[in-house]
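Hello,

Here is the structure I promised to pass on to you. Please open it first, and my notes on what turned up follow just below.

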Amino acid sequence: MIIANRKPFEEIKAMVAPFNRILILGCGTCVTVDFSGGEKQVGILAAELRMARQLEGKPLETVEHTVQRQCEWEFIDPIADMVRSVDAVLSMACGVGVQAMAERYPDKIVLPALNTVMMGMPIEAGVFVERCAGCGNCVLALTGGICPIARCSKNLLNGPCGGSQNGKCEVNPEIDCAWHLIYEKLKAMGRLDALMEIMGPKDWRPAGGGGPRKIVREEERLEFMEM
Amino acid sequence: MEYQPEITLFTCIYCGYMAADTAGALRIQYPPNTKLIRFPCTGKLDVRYILEAFEKGADGVMVVACPIGNCHHFHGNVQATRRVQYAKKLLDEIGLGGERLEIFYMSGGQGGTFANAVSTMVERLKKIGPNPLKNGFKPK
Ligand code: SF4
Ligand code: SF4
């Protein structure tokens, strides 16, 4: 899932300072599960902003709403009236949702309440870790299911580097060395021979090095096809 | 008239509520300023409830939970503690001040401790003064 973090309150407050009535719009998918931008966080942020503004003598009116997914037209089209009724939209979706709103409602100011951080997962209640960097050419088959791009600080394809110590990465002793994990995993599975394969230089174009990426599935398109 | 702080008191139906009940049964006097709201467990405490209480004009919020290690539901009181800590930070950011919120731990028989906790909170809130959002604020 996409994992995000709420921006500092002061920053959010400054962003909405010029407005009197805003829509605080949550997203019911990733950011609900990671507790950054779901219905509950919308309610908390709305209450915080209202109280802070009231204390400043500049009351703020808030409309609270959460859509199932902010990154799809079909979920954000039905809230057009709500969007029209406010001065600005404070989106609690990931960056994709914020952009979808900004694109669908071109006349409306759409502001991000979150910092979108990574693709990852919760490893225990309240703890989220990065797992994939969307490199566009997955190598997990060779690495025992542990990603060397997202989980090695240097994105090494043939690790570990000389900084791997006692299973930890030299960048930060709190980070497990991904290549140490890969080695231990393959060893436990009797698959160390997988490490004999040298991975050549990675083509970073599918990872975004070739500009913004786009995927077209012809079989799913509805547009008229010229034969 | 002297300012009498209004306190919203969240408690579980186990130790917390029983302590309040014990205080009553023992005829222990404590300030009558609390509005008591019972949860099945303080693990049900939500940051949103705390903020809502303040938005609706509570001068303070106190949470009365079972002693750590004695939660009927294992660790609901630990989660309540974490949420109280988080909500204190939010209250500071809002400008109301985190000291308007506190969590206390006690077992069902501790009626005196309950009365003391309420008095402690009342004294603290008297020093801080009333919730500035109290009058004339109509949340949407
Ligand atoms: S190798 Fe690439 S696609 Fe596979 S998990 Fe890592 S970053 Fe994601
Ligand atoms: S110590 Fe391990 S995780 Fe860190 S940069 Fe080196 S190989 Fe990558």
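Predicted model: local features only at pLDDT ≥ 70, side-chain atom pairs only at ≥ 80, totals over all residues.

Next, the cavities. How many cavities of 30 Å³ or more does a search of the whole structure find? The search gives two.

The largest cavity is the space that ligand 2 takes up, and its volume comes to about 90 Å³. Its lining consists of 16 residues, and A:Cys152, A:Ser153, A:Cys161, A:Cys169 and A:Cys177 lie nearest the centre. If you want to see which elements contribute, look at β9 (172-176) and α8 (178-188) of chain A: each supplies at least two residues of the lining of the largest cavity. Sorted by class, the lining of the largest cavity holds nine nonpolar, three polar and four charged residues.

For the second largest cavity, please turn to chain B, where B:Cys12, B:Tyr14, B:Cys41, B:Thr42, B:Cys66, B:Cys71, B:His72 and B:His73 form the lining. The second largest cavity has a volume of about 30 Å³. Its lining has five nonpolar and three polar residues, with no charged ones.

Those are my notes for now.

Best wishes

Notes:
Residues numbered from 1 in each chain as written. Chains lettered and ligands numbered in written order. Heavy atoms only, no water. 1 Å grid on protein atoms, 1.4 Å probe; cavity = no way out; pocket = protein on both sides within 12 Å on 5 of 7 lines; lining within 4 Å. Sits in = over half its atoms within 2 Å of the grid points. Points joined across faces, edges and corners; volume = space filled by probe spheres on them. Helix = DSSP H or I, 4+ residues; strand = E, 2+ residues; numbered from the N terminus. Nonpolar A, V, L, I, M, F, W, Y, C, P; charged D, E, K, R; others polar.
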